[in-house]
Amino acid sequence: MNTLVIDLSSSAVGVAVVKNSKTELPEIISSAQMSLVFEETPTESELAETLLGKVKVCLTRIKKNISVDKIVISHSGEITHQITHDHLIRYIEDEVCKYFGIKKGIHTLKFVDVLSKIVGQVFQNTPSVLLITMNGENTNLQFVHLGKHGQSLNIPFGLNNVKRMTGPNLTLFVNDSLDAKTTRIINEAVSSSTKEFKDLWDKTEHFKIDSPYVVYLVSPTPFENIAKTLIESILPDTNITAFGVDNHFIKELIRLPRNEPVNHKLAILGAFSNLLV
């Protein structure tokens, strides 16, 4: 059974076909992804229009002649206007049906719900978990205790805030390809972004952490370390695990294609799709 998984957020759009089995790890057999960077914070309608356009392009990059039984569409919750959200999902469903004949139906849910189910399955002896998802334009913090969602917090700040201050140099910084002068400029931008992030946090209702929580962070590739630095500015004394495709956690969940880039959100969605078999 094959599942088409689609991830939508203000940092990237990802599409993958996952081969599911009850006896083996799920396997991504084809994938495509496109990053998003906005010059300024987009409106919800602008974001929806951009997401739809990127999905259309990604679908054309999926290998042809692959059958799909069902679809899982994951979104970040950044589009809160119900009509805008519903129109986006409907248009994506229509676009997908141009490429695939769907037999089992379509599932639409927030990425944090997918992440909480996967973490709950793998770490069953961890009662209290804080899940942090950093997107392009916002960051979501979600507490999960004994498998049940608790308080949730959205901060209107994401990786695009840092990118807008640094431009394309941020990617060079991640790849250690900068000279000392440009590195200093980017470090100053990250420091300024950290202050902005903390200021927004201080204006928001705080979580009351009265028991030990395990913290897991999902953020755009390959900027996990920068995202982790920003989160540590809020939770300085907490051990934060940042998920990426190189994590043993990810490799134990799903088989990734060789010589083909896949982001960890698609990997997590692919693992979740296997729970639906």
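## Close-up views of a predicted model

View 1. β1 and β2 form a hairpin with three residues between them, strands being DSSP runs of E with at least two residues and helices runs of H or I with at least four, both numbered from the N terminus. The model is predicted, so local features need pLDDT of at least 70 and side-chain atom pairs count only at pLDDT 80 or more, whereas totals for chains, interfaces and linings use all residues. Residues are numbered from 1 along each chain as its sequence is written, and side-chain values use heavy atoms, with hydrogens and water left out. The antiparallel strands β1 and β2 are joined by seven bridges, and two strands are said to pair if DSSP finds at least two bridges between them. Val5 has Ala16 of β2 as its bridge partner. On to β3, β2 again runs antiparallel, here with eight bridges, and Val15 has Ala32 of β3 as its bridge partner. Seven of the eight residues of β2 are buried, where buried means under 20% relative accessible area, exposed over 50% and partly exposed in between, for a 1.4 Å probe and protein chains only.

**View 2. Helix α1 and its buried face.** Helix α1 (residues 44-60) has 17 residues and reaches 25 Å from its first C-alpha to its last, close to the 24 Å expected at 1.5 Å a residue, the expected span being 1.5 Å times one less than the number of residues. Its buried residues are Leu47, Ala48, Leu51, Leu52, Val55, Cys58 and Leu59. Seen down the axis of α1, these buried residues fall within an arc of 135 degrees and so line one face of the helix; the arc is that of the directions from the helix axis to the C-beta atoms. They pack against β1 (2-8), β2 (12-19), β3 (27-35) and α2 (82-99), with contact meaning heavy atoms within 4.5 Å.

**View 3. The pairing of α1 with α2.** The axes of α1 and α2 come within 10 Å and cross at roughly 10 degrees, axes being lines fitted to C-alpha atoms, for helices over the stretch in contact, with angles from 0 to 180 degrees between N-to-C directions. The two helices are therefore roughly parallel to each other, a term for angles under 35 degrees. Residues of α1 including Ala48, Leu52, Val55 and Leu59 meet residues of α2, among them Leu88, Tyr91, Ile92 and Val96.

View 4. Strand β9 (residues 214-218) pairs with β10 in the parallel sense over three bridges, and Leu217 has Ala242 of β10 as its bridge partner.

**View 5. Backbone details in two loops.** The peptide bond from Thr221 to Pro222 is cis, with omega near 0 degrees, and Pro222 lies in the loop between β9 and α7 (224-232). Asn65, in the loop between α1 and β4 (70-75), has phi near 60 degrees, a positive value in a residue other than glycine. Asn65 is exposed, with a relative accessible area of 84%.

Conventions:
Parallel < 35°, antiparallel > 145°, perpendicular 65-115°, else oblique.
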